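I am new to this structure and keep these entries as I look things up. The structure goes in first, then the notes.

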Amino acid sequence: MARLTFLGAAGVVSGSRHLLQGGGGRVLVDCGLFQGEKRLQQRNWEPLGVPPQSLNAVVLTHAHIDHSGWLPRLVRDGFRGPILATPATVDLLDLLLYDSAKCQAEDAAYANRKGYSALRPALPLYEERHVAAALEWVRAVERGAWFEPVGGIRCRYYDAGHMLGSGFLEVEVTERGGRRPLRIVFSGDVGRYDAPLYYDPAPPPACDYLVCESTYGDRDHSPDRPLDDLEKVVKEAVARGGMMLVAAFAVGRAQQLVYLLRTLMATGRIPELPIWVDSPMAVEATAIFRRHAAEHDLSEARMAGVAEAAVSPFVHLAGTAAESKAINHHTGPGIVIASSGMMNGGRILHHLARRLPDEKTTVIVAGFQAKGTRGRRLLDRAETIRIHGRDIPVRAVVRQIDAFSGHADRAELGRWLAGMPRPEKVFLVHGEPPAARGMAEFLASTRGWHCDLPTIGQSFDLPIPDPS
Ligand SMILES: [Zn+2]
């Protein structure tokens, strides 16, 4: 009988790792890094929970670090087998995993220099050589076609509309002598409907067991359009006369923001302002978007717009640290887009440390902010934020733009599941407890579905349901 074990993203939104055993094999669906609170980050240093050598394959839903960022550790710890992903995800992994190693090296070096780490010396979780070793095992599989990570288990990707290359998975487990295959759907992260950049999530097929994300299971996003929201926030910020700091993920979000900001400027809805994209990774990501044109609905013309915007006198790409530091001298309104999106690392930290004490500054939060991250603390109106061992007073104004969320809200998850017949069991993952509970109540009241909210380490047998 097939068996499912939740090794991460259960009761939290990071560290996605779901172990599927069945058909004589073991497949890990996603291999994410834990992010956010210290106690969660600590888990990245702990072993997987099953011997990595015992896994036959890893199948990834998408390239976000909370779904892929533990791969270098998994291979370092002994995993030897294919890591399967869509072609665009494969390209992004290269970019994101090396960036992850770099961020960890920088954080560790900074901690050692300033002497504030509890670990002495502070060490990175993995290094570039571990990333290179993991990438050796990565193989691309086309969307829509069945593939077999191991005999007895076959999988197929559908468009999840969440990021470039993202897919949810239909999985079939065939046991020797079984009367039919067992069907499981892993949602990965589900995107939004009518979002700029990505296609709508494809409708999911019927299944016996559903493993569904619940990031925003207890709320619905504002119905405002991204352009209108952005216009309002930028106008306020310009009136305040200071800089706008946008914490944004370099892949997808940064491209979307530059495009929308330039659109607002070109149509006179906001004044012409300098924009700094303070991320070498954002430039490389734009090239990957171009290479996978069929994966998103930003037409070639609009992509050209992004490229043109990137060399316009108003958009400055800060590739080197010196270029990044030069932004410090700017006074008056302007926009800095830098990562990380949850302000847990990256160049955004230097800008925050410098500009948070200034009441003219506006910080724009454009994506989900997990508990324990600086982004969440800013949204919760913290008076000070700790950056590089110093408490920085927060006098800046903090604004959130819902429309930029990459995750379906409760109503959109309901829409995504609308055509699905009731599965035997539904497991809600990738949500903090209030969100997962909210989603469970929503599915109970609207569909009559009973949901399980697994905890990390919990296992479930998945018998083939009796025909009813
Ligand atoms: Zn994601």
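**Entry 1: V277**

I looked up V277 and found it in strand β13 (residues 275-277); helices (H or I, at least four residues) and strands (E, at least two) are DSSP runs, numbered from the N terminus. The model is predicted, so I note that local features need pLDDT of at least 70 and side-chain atom pairs count only at pLDDT 80 or more, while totals for chains, interfaces and linings use all residues. Residues are numbered from 1 along each chain as its sequence is written, and side-chain values use heavy atoms, with hydrogens and water left out.

Is V277 buried or exposed? V277 has a relative accessible area of 5%, so I put it down as buried (under 20% relative accessible area is buried, over 50% exposed, in between partly exposed, with a 1.4 Å probe and protein chains only).

I then listed the contacts of V277, leaving aside neighbours within four places in sequence: V258, A282, V315, H316, L317, A318 and I337. Contact here means heavy atoms within 4.5 Å. I also checked G319, which is 42 residues from V277 along the chain; their C-alpha atoms are separated by 8.6 Å.

**Entry 2: helix α7**

V258 from that contact list belongs to the buried residues of α7, so I turned to this helix next. Helix α7 covers residues 253-266, which is 14 residues. From first C-alpha to last it reaches 20 Å, close to the 20 Å expected at 1.5 Å a residue; the expected span is 1.5 Å times one less than the number of residues.

How many of the 14 residues of α7 are buried? Eleven are, and the helix is mostly covered. They are R253, A254, Q255, Q256, L257, V258, L260, L261, R262, L264 and M265. Just after α7, I noted a positive phi of about 75 degrees at G268.

**Entry 3: salt bridges**

I searched the whole structure and got 22 salt bridges, each being a side-chain nitrogen of Lys or Arg within 4 Å of a carboxyl oxygen of Asp or Glu.

R269 pairs with E231, with the closest N and O atoms 2.6 Å apart. R269 is in the loop between α7 and β13 and E231 is in helix α6 (residues 226-240), so this pair ties together parts 38 residues apart in sequence. R269 is partly exposed at 29% relative accessible area, whereas E231 is buried at 14%.

D278 bridges to R347, and again I read 2.6 Å between the closest N and O atoms. This pair links distant parts of the chain, 69 residues apart: D278 is in the loop between β13 and α8 (280-291), and R347 is in the loop between β15 (334-338) and α11 (348-355). D278 counts as buried, at 1% relative accessibility. I also found one network, in which salt bridges with shared partners join D228, E231, K235 and R269.

R183 and E172 meet through their side chains at 3.3 Å, N to O. R183 lies in strand β10 (residues 182-186) and E172 in strand β9 (residues 167-173), so parts eleven residues apart in sequence are tied together. R183 is partly exposed at 28%; E172 is buried at 9%.

**Entry 4: aromatic rings**

I counted six aromatic pairs. Rings of Phe, Tyr and Trp (its six-membered ring) pair if their centres lie within 6.5 Å; planes under 30 degrees apart are stacked, over 60 edge-to-face, and the rest tilted.

F6 and F460 have ring centres 5.9 Å apart and planes at 80 degrees, so I logged the pair as edge-to-face. F6 is in strand β1 (residues 2-6) and F460 in strand β22 (residues 459-462), so the pair ties together parts 454 residues apart in sequence. Both F6 and F460 are buried.

F147 and Y157 have centres 5.5 Å apart and planes at 25 degrees, so that pair is stacked. F147 and Y157 are both buried. Ring pairs also link F6, F427 and F460 into a cluster.

**Entry 5: nonpolar cores**

Which residues touch the most other members of the largest nonpolar core? They are L74, I184, I337 and L462, in a core of 96 residues. Such a core is a set of buried Ala, Val, Leu, Ile, Met, Phe, Trp, Tyr and Cys residues joined through side-chain atoms within 4.5 Å. Apart from it I found another core, of 23 residues, with F168, Y193, L413 and M420 among them.
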